[in-house]
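Please keep the sequence and the 3D view open as you read.

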Amino acid sequence: YASSSSVYGLNENMPFSTHEAVNHPISLYAVTKKSNEMMAHTYSHLFGVPTTGLRFFTVYGPWGRPDMALFLFTEAALKGKSIDVFNHGKMKRDFTYVDDIVKGIIKCVDNPAKPNPKWNAKAPDPATSSAPFKVYNIGNNSPVELMDYIKAVEIRIGREIEKNFMPLQAGDVPATFADVSDLVEDFNYKPNTSVNDGVARFVEWYSEFYGVQI
């Protein structure tokens, strides 16, 4: 099931690790994802159902929602519109290309969660359990400045985007950074698509899908 990097909330200990507690969410969306993980663990404990939660980090790429940032940035560059840039551009995100997310999902689907025989109820590991329960981060493990992300769009399209610099939005965080060591250890897998490559692929898809000449 899909969880989210948003569960880390006020945590500033980076990179974010699934082995640390996530008890301080700052958005209702994050609360729903945390609740999902808790319900999944309960089902694993009561009924032995293997559950694996995947905390996705800032997924981008083709076939996303048109209200997501990359769609808005691309449309603005093509149509000469302005964009709102929050926290005055001083933000970092562990942008993760959608193909890398899919590869991570497939790895986990083919390897259902198992009970952790070393799990200790007196020092509980939030990422595992005595039940068949596991949580992974799926992120690029390489935070990128928001302004560099926008610049990648501008370079690919060949136009500068007008920016409205705004304060940090309520419920948002200035940075995310995924610790993917468990993903590497268990599946020998680590997302690795760079923002420049991912944005270029997205813009190519956008051009074909919407019939826009770039």
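Asp 67 is partly exposed, because its relative accessible area is 47%. Arg 65 falls into that class too, at 49% relative accessibility. Here buried means under 20% relative accessible area, exposed means over 50%, and partly exposed lies in between, with a 1.4 Å probe and protein chains only. The side chains of Arg 65 and Asp 67 form a salt bridge, that is, a side-chain nitrogen of Lys or Arg within 4 Å of a carboxyl oxygen of Asp or Glu.

Please bear in mind that this is a predicted model, in which local features need pLDDT of at least 70 and side-chain atom pairs count only at pLDDT 80 or more, while totals for chains, interfaces and linings use all residues. Residues are numbered from 1 along each chain as its sequence is written, and side-chain values use heavy atoms, with hydrogens and water left out.

**Salt bridges**

A search of the whole structure gives 8 salt bridges.

| Pair | N to O distance |
|---|---|
| Glu 75 and Lys 81 | 3.4 Å |
| Lys 134 and Asp 182 | 3.2 Å |

Glu 75 is partly exposed at 22% relative accessibility, and Lys 81 is partly exposed with a relative accessible area of 42%. Together with Lys 79, Glu 75 and Lys 81 are linked in a salt-bridge network.

What about the pair Lys 134 and Asp 182, buried or exposed? Both Lys 134 and Asp 182 are buried. Lys 134 belongs to strand S7 (residues 133–138) and Asp 182 to helix H5 (residues 181–187), so their pairing ties together parts that are 48 residues apart in sequence. Helices (H or I, at least four residues) and strands (E, at least two) are DSSP runs, numbered from the N terminus.

In soluble globular proteins, nonpolar side chains tend to be buried together. The largest nonpolar core here holds 26 residues, and Tyr 149 and Val 199 have the most contacts inside it. At least two residues of this core come from each of H2, strand S4 (82–85), helix H4 (146–157) and helix H6 (195–210). A nonpolar core is a set of buried Ala, Val, Leu, Ile, Met, Phe, Trp, Tyr and Cys residues joined through side-chain atoms within 4.5 Å.

Leaving aside neighbours within four places in sequence, Val 199 is in contact (heavy atoms within 4.5 Å) with Tyr 60, Leu 70, Tyr 149, Ala 152 and Val 153.

**Pro 62 and its surroundings**

Pro 62 sits in the loop between strand S3 (59–60) and helix H2 (69–79). Pro 62 counts as buried because its relative accessible area is 15%. Beyond its neighbours within four places in sequence, Pro 62 is in contact with Tyr 97, Val 98, Phe 202 and Trp 205. The C-alpha atoms of Pro 62 and Gly 198 are 9.4 Å apart, although 136 residues separate them along the chain.

**A nonpolar patch on the surface**

Tyr 43, Leu 46, Phe 47 and Val 49 make up a nonpolar surface patch, with about 440 Å² of accessible area together. Leu 46 lies in helix H1 (residues 28–47) and counts as exposed, because its relative accessibility is 56%. Patch residues have over 30% relative accessible area and no salt bridge; like charges are joined within 9 Å, and nonpolar side chains (Val, Leu, Ile, Met, Phe, Trp, Tyr) within 5 Å. Accessible areas come from the Shrake-Rupley method with a 1.4 Å probe, and for residues only the protein chains shown count as cover.
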